[in-house]
Amino acid sequence: MTRITRISFLLALFVSCIGAVFSEEPDVVFQPRKFYRARLESQNSILHGAGQSRDALDEYVAALPGTPPLMTMHYWNVKDAPEALLAVITREIMDYTAKGIYLIPQIGLQMTTDGKPEERFEHQVSAGLYDDHLVRFMKGLQDLGRPAFIRIGYEFNGLAWNGYEPETYKGAWIRITRMIRDVSPEIATVWCAAIHSWQNPPSLNNARFGWMEYYPGDEWVDWWGIDIFEKEEFRTPPLKEFLREADVHGKPVMIGESTPKKVGVLQGRQSWDKWFDPWFRTMAENPGIKAVCYINWDWSRYPQWKDWGDARIQRNPEIRNLYAALIAYPVFLHGTSEERVRTDLGVVPAGSGVPGKPVLATVTGSDGIMQLSLSPSGGAAVLRYEIERDGSLAGLTTARTWVDPAPKAGLSVSYTARAVGMTGVYGNRSDPLSVSFPPVLAKLRGGGFDGDHNFYLRQFEGGTARLTVTNRAASVQILRPTGTDWHIQFVHPLRVYADRIYTLRATLSADRPSVIRILYQKTEAPYTVYLAREERIGPRPRAILIRNFKFSASDDIFLSFMMGAMSAVTVTLTDIGLEEVVP
């Protein structure tokens, strides 16, 4: 055998061996699933979910062609206005709808600051102080026209990092659940625990309370949930105890968060044997597990989690192929068909069918902004409307009116709409409606303080403020400044264009002399700042004018009034207007 022949032979043998390893299918047998008849429970399936960011989801979907997740993971702190999160979820859902993938949100709801238990505020939620945020949150979820899961105060027993106490936690849970059930039968609650795997012995109890002291009661809980990170947790008594008790209480279990902490994927078969194999076997051997969510992150990019490793399944071919083989088992329910999902989850009312073709018209809202009206024309009940602009999906709504979030001065567009029935089946597309926007377009007029919450308050890192809104004015009382401006923000989301010119007008005052920062800033990472301007304000109202501003790129931005670095003052904003003009 010549040297070249020998090398060719060895190379072929190596490739053959590698192919054999990659094509090997693990010997995992899933027991038939139990069925508890819970809200949003499939009779025979495990709901497949992933996250916990847009790039993580995109990479995960690309790694698993044909078996996309059904659930997309998100998080919301009740102190933060819900509109920012709802906009992210809506955009994500629309983007994936265009790809033929059906997503439903799985949301972790926080009533604390992660890692700062002293900032817990579930007692305030229980007392109703955040009802306005919660009502807007529920309404936003309802407008998506699809099921959703909410893990209320997830990792409730994590006293060391969340700080929740049983009685106030249960009060908040029951208050939120009442609100959910008043709004939608398609939102399920998940009571989600953490395992204290570092304790000796490992436990579900924390230093002060037993885990079941946090339980609101069977009548208030739809699902139980558990978060799994450490490889040791699969074999510890707490997990077995949790699964056993969930079965006793007649509740399906969701693995709400899971990732191979301090294992990652880069060691291939070794990583698989340490974490992924027991993860899949835990699901296979416990028929009460009915949903699972995987966090497809490179944790090493974040200083606080740098030793967790890279958990992205696409980063190792052996992990990806073994994972893809098992997630393709028929027991998993994927985001491939809305009709199948809605049938499986039992949310199709009797007598549902195909909705009629909607009729579109333009109307003018109370703020002078153009809206589309959608009128049904017979047919079955409507779950939601999907509005298209020039052939691309532009919005979702369950209401009979819709405001385009991205109008453009001087542009003529064509709108169409389709109604989606309760089974997930689409009706016929409407006749097109042509609309021409004027060359001078009011993106904001009179402040937008008319109850639609176009402007809203955002609070971060302990920054606290109180918002009072009337029809023409907004007052922001700064209760706890932090010294960092972005920790308290009064914002409005906007779509802006590089080939248009913008003029901002506002009247601002404060009860004491102060400096406020006004920003045009990108809504998502890398949070590009297009404009930053400081203005001195005081008790006498001051008119602010920023003329003829041109953006360097078309983008989704916040018009933001940043107040976290101000002292404990009250700021009043009136007559905010933004004009977009064709040059």
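Let's start at glutamate 285, whose place is in helix 8 (residues 269-285); helices here are DSSP runs of H or I with at least four residues, strands are E runs of at least two, and both are numbered from the N terminus. Glutamate 285 is partly exposed, because its relative accessible area is 49%, where buried means under 20%, exposed over 50% and partly exposed in between, using a 1.4 Å probe and protein chains only. This is a predicted model, in which local features need pLDDT of at least 70 and side-chain atom pairs count only at pLDDT 80 or more, while totals for chains, interfaces and linings use all residues. Residues are numbered from 1 along each chain as its sequence is written, and side-chain values use heavy atoms, with hydrogens and water left out.

**Around the end of helix 8**

- Glutamate 285 and valine 29 sit 256 residues apart in sequence, yet their C-alpha atoms are 7.9 Å apart in space.
- Asparagine 286 belongs to the loop between helix 8 and strand 8 (289-295), and with 23% relative accessibility asparagine 286 counts as partly exposed.
- Apart from neighbours within four places in sequence, asparagine 286 is in contact with Arg33 and Leu243; contact means heavy atoms within 4.5 Å.
- From asparagine 286 to histidine 334, which is 48 residues away along the chain, the C-alpha separation is 20 Å.

**The loop between helix 1 and strand 1**

- Phenylalanine 35 is placed in the loop between helix 1 and strand 1, and its 31% relative accessibility makes phenylalanine 35 partly exposed.
- Setting aside neighbours within four places in sequence, phenylalanine 35 is in contact with Glu41, Ser42, Gln43 and Lys290.
- Arginine 37 is in the loop between helix 1 (3-23) and strand 1, and arginine 37 is exposed, with a relative accessible area of 70%.
- Although arginine 37 is not a glycine, its phi is positive, at about 60 degrees.

**Other backbone points to check**

- Glutamate 155 also has a positive phi, near 55 degrees, in a residue other than glycine.
- The position of glutamate 155 is in the loop between strand 4 (148-152) and helix 6 (166-183), where glutamate 155 is buried, at 9% relative accessible area.
- A cis peptide bond runs from glycine 51 to glutamine 52, with omega near 15 degrees; glutamine 52 lies in the loop between strand 1 (46-51) and helix 2 (54-63).
- The peptide bond from alanine 525 to proline 526 is cis too, with omega near 15 degrees, and proline 526 is in the loop between strand 23 (514-522) and strand 24 (529-537).

**Helix 3 against helix 5**

- Two packed helices are described by the angle between their axes and the distance between the axes.
- Helix 3 (residues 83-98) and helix 5 (residues 131-143) have axes that come within 10 Å and cross at roughly 10 degrees; the axes are lines fitted to C-alpha atoms over the stretch in contact, with angles from 0 to 180 degrees between N-to-C directions.
- Helix 3 and helix 5 are therefore roughly parallel to each other, given that angles under 35 degrees count as roughly parallel, over 145 as roughly antiparallel, 65 to 115 as roughly perpendicular and the rest as oblique.
- On the helix 3 side, Glu83, Leu85 and Leu86 meet Arg136, Phe137, Gly140 and Leu141 of helix 5.
- By class, this contact has four nonpolar, one polar and two charged residues; Ala, Val, Leu, Ile, Met, Phe, Trp, Tyr, Cys and Pro count as nonpolar, Asp, Glu, Lys and Arg as charged, and the others, Gly among them, as polar.

**Aspartate 555**

- Aspartate 555 is in strand 26 (residues 555-562), and counts as buried at 8% relative accessibility.
- Leaving out neighbours within four places in sequence, aspartate 555 is in contact with Leu494, Arg495, Val496, Lys522 and Tyr530.

**The protein as a whole**

- The protein has ten helices and 27 strands.
- Buried residues make up 56% of the 583 residues.
- Along its principal axes, the C-alpha trace spans about 80 × 65 × 55 Å.
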